[in-house]
Every structure is written in C-alpha cells, then in structure tokens.
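User: Please take a close look at the metal sites in this model, and at what surrounds them. A plain account will do.

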Amino acid sequence: MKAMVLRKISPIENEPLEWIDLPDPVAGPKEILVRVSACGVCHTELDEIEGRLQPRLPVVPGHEIIGKVEGLGPGVTKFKRGDRVGVAWIHSACGKCHFCLEGNENLCLAFQGTGCDANGGYAQYSVVSEDFAYLIPERFSDAQAAPLLCAGAIGYRDLMLSGIRKGQVLGLFGFGASAHIVIQLAKYWGCEVFVFTRSEEHRKLCKTLGAVWAGTPDEEAPQKLRAAIDFTPVGETVPKALRVLEKGGRLVLAVIRKRDLIPPLDYAQLLWDEREIKSVANITRKDAQDFLSLAAEIPIVPEVEEFRLEEANRALIQLKQGRIRGAAVLKISD
Ligand SMILES: [Zn+2]
Ligand SMILES: [Zn+2]
C-alpha cells in the first residue's frame with residue numbers, strides 16, 4: 001500500500017513525511033482491516049512530527065480515520081465486511097489499570113495513540129482492534145466524518161469539562177478544526193459564544209457559525225466569560241483567557257502540547273476568586289460514541305478542505321500557518 005511515513009523528527013517545513021510503499025497490514029485476532037477513504041489532519045500530528053510528543057518511529061500518522069472494513073481477523077464479532085467505520089486517537093487502553101476501571105481510559109497507564117504508538121490513517125489501509133472502532137452515521141460524507149473523530153470528539157470532551165450550561169457565555173481561543181465544531185455544539189446547547197482569534201478569515205467563519213462576538217485575543221470582550229476553551233498552540237493565550245473569565249470561571253486547555261511556555265500568572269488578578277485551569281488528555285471510547293450520535297442528531301456540519309494523501313506535508317504546513325478553513329482532510333479512496 002501507499003503511505004505517508006514519518007521516520008525522523010523534523011520541522012514540518014522540511015516536509016518530513018515520505019510517500020512510500022509499505023506491506024499491506026494484516027488483521028490479527030479481534031482486529032479489522034480498514035480500507036481508508038479519508039483521514040483528518042490534526043494539530044497533534046505537528047506535535048509528533050516536530051518532536052513535542054514522542055511517536056514510535058517509523059510511524060504512519062493519522063488518527064481521524066474513516067474507511068470500509070475489508071478484512072476480519074479471527075474472532076471479530078462486532079463488524080462485517082463493508083461496514084463504514086471510524087478510528088479515533090484512542091488506539092488501545094489496558095482495561096485493567098485503576099484509570100480504566102474508573103471509566104477514565106483516556107488516562108490509562110498504557111494508553112496508545114493511533115498514528116503515534118501504532119500506525120494510523122495516512123495510508124491506504126489501517127488495522128485496529130474491533131473494540132476501538134465506531135460505526136459512522138450515514139448522514140456524513142467520508143470527508144465530513146473524519147474531523148468528527150478528534151476535532152469533534154475531543155472538542156465535545158473539552159465542552160463537557162468546561163462545565164458550561166445553557167445561557168452562559170463561552171469563550172473560544174483559536175478557531176481551527178475543533179473550535180468550528182465546538183461552536184455548533186455550544187449553540188445547540190443554548191450558549192452564547194465569543195471567539196478570540198488573530199485570523200480574520202477565522203473571525204468571518206465563526207460569525208457565519210453563530211458567534212455573538214469575535215475579536216483578537218488582545219481585544220476587550222463586551223462581557224466576562226463563564227468558561228473558556230483555549231485551542232491555540234501558544235502559551236500567551238492562557239493569561240489572556242484568564243483575564244476575561246468571571247469569578248469561579250474555568251479555562252480548559254484543549255491542546256496536547258503548547259509550543260512555548262505559559263507566561264507567569266499573577267495570582268491575585270488571574271487565578272484568585274476560584275478561577276480554574278484544566279487540561280484535557282485524550283478521549284474515551286464513550287466520548288467518541290456519544291459525540292458521533294449527537295453530531296448526527298444536531299447535525300454538526302464540518303467545513304473541510306480536502307488534500308490528496310501525498311499532499312499531507314503541505315496540509316500540515318498550512319495548518320501550522322493557521323491557513324485552513326475548518327478542518328483539513330486527506331481524501332484517500334472513494
Ligand atoms: Zn487529533
Ligand atoms: Zn488502563
């Protein structure tokens with residue numbers, strides 16, 4: 001099969017993903033072989049490629065996989081050939097550690113990430129345990145469904161952890177793939193959404209998706225926020241977001257890594273009055289399943305920019321530069 005493979009950590013500008021032939025993967029016991037039709041491009045891939053996360057090397061990245069089941073390993077009972085399935089960031093969890101037993105498999109001591117600890121979806125085929133794949137609601141095209149698996153499912157977890165309720169004001173810092181889905185969820189829940197982003201293009205997009213107010217992270221918002229989610233890869237937005245939170249408000253940090261340090265935080269001004277900061281790590285299978293049903297019910301309509309598989313480096317460079325409208329998706333087969 002053809003695949004885009006990472007062999008060496010490098011800045012994405014060097015186009016480190018290599019377009020090569022790999023042997024087709026084979027489904028082992030309880031595993032399914034998926035013929036990949038689309039794979040979303042996520043900011044976490046930049047963290048892997050540039051070394052802020054340590055992927056297994058070499059690795060096929062990609063953790064927003066949509067495809068058809070083409071082969072069944074011994075003992076598979078949950079899927080049949082031809083089913084359209086999705087694979088998300090959670091590739092496996094042990095099921096035995098105390099985190100798993102408490103329902104927090106996202107924190108599993110042996111957590112494995114798709115396209116990081118195991119090969120992912122920047123390829124024509126991928127293999128996954130039947131326990132870590134999801135049926136995809138029919139209303140979404142392959143390209144639309146791909147970003148639901150991370151941008152959407154993690155965004156859903158971010159929103160749950162923010163504690164936001166109907167009628168409250170939510171702030172979103174950064175307006176990429178995840179935020180453009182989260183705003184649709186938050187609107188559905190009856191929240192008012194303020195968006196802070198440096199990109200004029202993203203400010204336009206958020207307005208069409210129902211943002212009440214949009215400005216840059218340095219602008220004064222007309223009202224304090226009950227909760228905020230910071231999707232940006234930089235440290236400087238953390239004090240900016242805390243500054244616009246009301247007393248008792250919570251800031252959720254959605255990214256897996258920040259590119260640089262968070263500046264010193266003035267305790268009296270930014271943290272006292274019971275303001276909180278919470279990070280989000282990974283997702284559980286329940287997050288993915290619950291979100292996929294909700295996304296079909298609302299329905300969420302992801303905006304996607306499509307690229308060919310061999311254009312993955314270019315898609316990631318554009319993502320790093322903040323030049324993707326909605327979510328970038330690699331279209332691999334029909
Ligand atoms: Zn992701
Ligand atoms: Zn575990």
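Analyst: The site of the zinc ion (ligand 2) is tetrahedral, with angles of 103 to 118° among its four donor atoms. This is a predicted model, and the values here are computed from it. The four protein donors are the SG atoms of Cys94, Cys97, Cys100 and Cys108, at 2.3 to 2.4 Å from the zinc ion (ligand 2). Along the chain these donors follow the spacing C-x2-C-x2-C-x7-C. Cys94 sits in the loop between strand E6 (90–92) and helix H2 (98–101), and Cys108 in the loop between H2 and strand E7 (112–113), so this pair ties together parts that are 14 residues apart in sequence. Cys94 is partly exposed, with a relative accessible area of 29%. Cys108, in contrast, has a relative accessible area of 6% and is buried, since the cut-off for buried is under 20%.

Water is not among the atoms, so a site may look incomplete.

The largest pocket has a volume of about 920 Å³. Its lining comprises 47 residues, and those closest to the pocket centre are His43, Gly176, Phe231, Thr232 and Pro233. H1, H4, helix H5 (177–188) and helix H10 (312–320) each contribute at least two lining residues. By class, this lining divides into 23 nonpolar, 16 polar and eight charged residues.

The second largest pocket holds about 180 Å³ of space. Residues that line it include Phe173, Phe196, Asp218, Lys240 and Arg243. The lining of this second pocket has five nonpolar, one polar and six charged residues.

Last, the nonpolar packing. In soluble globular proteins, nonpolar side chains tend to be buried together. The largest nonpolar core has 106 residues, of which Tyr122 and Leu172 touch the most other members. Another core, of 16 residues, lies apart from it and includes Val169, Ala221, Ala228 and Val244. Ala221 and Val244 are also among the residues lining the second largest pocket.

Terms used:
Residues are numbered from 1 along each chain as its sequence is written. Chains are lettered from A and ligands numbered from 1 in the order in which they are written. This is a predicted model: local features need pLDDT of at least 70, side-chain atom pairs count only at pLDDT 80 or more; totals for chains, interfaces and linings use all residues. Side-chain values use heavy atoms; hydrogens and water are left out. A nonpolar core is a set of buried Ala, Val, Leu, Ile, Met, Phe, Trp, Tyr and Cys residues joined through side-chain atoms within 4.5 Å. Buried means under 20% relative accessible area, exposed over 50%, partly exposed in between (1.4 Å probe, protein chains only). On a 1 Å grid over the protein atoms alone, a cavity is a set of points where a 1.4 Å probe fits but cannot get out, and a pocket is an open set with protein on both sides within 12 Å along at least five of seven lines; lining residues have an atom within 4 Å of a point. Grid points are joined across faces, edges and corners, and a volume is the space filled by probe spheres set on the points. Helices (H or I, at least four residues) and strands (E, at least two) are DSSP runs, numbered from the N terminus. Ala, Val, Leu, Ile, Met, Phe, Trp, Tyr, Cys and Pro count as nonpolar, Asp, Glu, Lys and Arg as charged, and the others, Gly among them, as polar. Donors are N, O and S atoms within 2.8 Å of the metal (3.2 Å for Na, K and Ca); water is not among the atoms, so sites may look incomplete. Four donors count as tetrahedral if all angles lie between 85 and 135 degrees; four count as square planar and six as octahedral if opposite donors are over 155 degrees apart and all others between 65 and 115; anything else is irregular.
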